[in-house]
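This report is an introduction for a reader new to the structure shown below. It treats the strands and sheets, then the helices, and then the aromatic rings and backbone angles.

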Amino acid sequence: MSALVFLSERVAYLPGTNNLGVIVAPDKHAIAVDTGIDKEAARVLRRACEAVGLTLAAVVSTHHHADHVGGNDYLVRNIPGLQVFAPLREAAFIEDPYLEPMYLSSGATPLVALRNKFVMATPSPVHQRFESGSLSVRDIPLTIVDIPGHSLAQVAVVIDDVCFAADGFFGDRVLTKYGVPYAHDVAAQCASFGVLTSLSVTHWIPGHGDAVKRTELEQTIAANQAAITHSRALILTAIQTPKTLPAVVATVQAVLAMPSASLAQYAVFASGIAAYLNWLVADGAAVAELSAEGLVWRRV
Ligand SMILES: [Zn+2]
């Protein structure tokens, strides 16, 4: 059985494909930071809390991606009074998860193959929306830190000496697995690395990957930055001749020898590549223009 790993008396996490945070609150209650991809993940989290005498009473969601909020619904339905807290600009996507496959489909009605738990969570209510700064949950003072980039308005949750860093950075295996780290806004993602590094905590728990101590943080962030720099170079090479987004995706996947295993994986990868292309345009390193092939990006 999966067990909580305590970093201090009141701060723990449940390691897994998705690391989930657990904060001990008064009266043997617990606050979860994210809930995993589905009800099974949430059930495992609930049991891990119960195994140490804690009852979940609140969930703080870091961002709307299905693998982070997919367990919310199970907990809301099965634990009376459980409250969900979410960042102001992420909340709409958590309440209406159809928006995720919709934006991955350029705003169109998503194909049925895109309506699954990997990109479309079960809807969850959001009882309280928050912005960065102090947030009291079940009488526990949390610090909410904006780390946008990977997602529109992603946040990290800081308590005591621990930062739950969501997808603000990835562990080595995740970087290797995906080749191009997913971002919504690459420039913002890079700026958020600095924000995470500046926090005076001793442990960072990423959503995916091993927990990171202060002595390891610099190297981990450098690996993430290197993956972004490598991805940027691959894409710049791809658009030495003008290319549409699908053509850039195909070129990059061929170079990395990483074809997508599913439509959901393809849609997420392509969305990430679009973020890199628009970053290059904003930087003045590329232009986007209409051509006979449609919208193409070209290196300048
Ligand atoms: Zn994410």
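## Strand β10 and its sheet

Strands β10 and β11 form a hairpin with 2 residues between them, and D160 in the turn has a positive phi of about 50°. The model is a predicted one, in which local features need pLDDT of at least 70 and side-chain atom pairs count only at pLDDT 80 or more, while totals for chains, interfaces and linings use all residues. Residues are numbered from 1 along each chain as its sequence is written, and side-chain values use heavy atoms, with hydrogens and water left out.

Helices (H or I, at least four residues) and strands (E, at least two) are DSSP runs, numbered from the N terminus. Two strands pair if DSSP finds at least two bridges between them. In general, strands of a sheet pair through backbone hydrogen bonds, either parallel or antiparallel.

Strands β10 and β11 run antiparallel and are joined by 3 bridges. On its other pairing, β10 meets β9 in the antiparallel sense over 4 bridges.

| Residue | Opposite residue | Strand of the opposite residue |
|---|---|---|
| V157 | F164 | β11 |
| V158 | C163 | β11 |
| V145 | A156 | β10 |

Strand β10 is mostly covered, as 5 of its 5 residues are buried; buried means under 20% relative accessible area, exposed over 50%, and partly exposed in between (1.4 Å probe, protein chains only). From β10, V155, V157 and I159 point one way, whereas A156 and V158 point the other way, and all are buried.

## A second sheet

Another open sheet has 7 strands in the order β1-β2-β3-β4-β5-β6-β7, again with mixed pairing. Strands β1 (5-6) and β7 (128-130) stand at its edges with a single partner strand each, so one side of each has no neighbour in the sheet. Strand β1 pairs with β2 (residues 11-14) in the antiparallel sense over 2 bridges.

Helix α7 (residues 186-198) has 13 residues and reaches 19 Å from its first C-alpha to its last, close to the 18 Å expected at 1.5 Å a residue. The expected span is 1.5 Å times one less than the number of residues in the helix. The buried residues of α7 are V186, A188, Q189, C190, S192, F193 and L196. They pack against β10 (155-159), β11 (162-166), β12 (203-206), α8 (214-238) and α10, where contact means heavy atoms within 4.5 Å.

At the start of α7, a side-chain oxygen of D185 reaches to within 3.2 Å of the backbone nitrogen of A187. A polar contact is a pair of N or O atoms within 3.5 Å; within protein, one must be able to donate a hydrogen and the other to accept it, and residues adjacent in sequence count only if both atoms are side-chain atoms.

Helix α8 contains T220, which is buried with a relative accessible area of 14%. The side chain of T220 reaches the backbone oxygen of E216 at 2.9 Å. Not counting residues up to four places away in sequence, T220 touches F169, F170 and V212.

## Aromatic rings

Rings of Phe, Tyr and Trp (its six-membered ring) pair if their centres lie within 6.5 Å; planes under 30 degrees apart count as stacked, over 60 as edge-to-face and the rest as tilted. By this rule the count comes to 2 aromatic pairs. The rings of F93 and Y103 have centres 6.0 Å apart and planes at 80°, so this pair is edge-to-face. F93 lies in helix α4 (residues 91-95) and Y103 in helix α5 (residues 99-103), 10 residues apart. Y103 is partly exposed, at a relative accessible area of 30%.

Y276 and W279 also form an edge-to-face pair, 5.8 Å centre to centre with 75° between the planes. Both Y276 and W279 are buried.

## Positive phi angles

Most residues other than glycine have a negative phi. D34, although not a glycine, has a positive phi of about 70°. D34 lies in the loop between β4 (29-33) and α1 (39-50) and counts as buried at 4% relative accessibility. R138 has a positive phi near 50°. R138 lies in the loop between β8 (133-137) and β9 (140-146) and counts as partly exposed at 36% relative accessibility.
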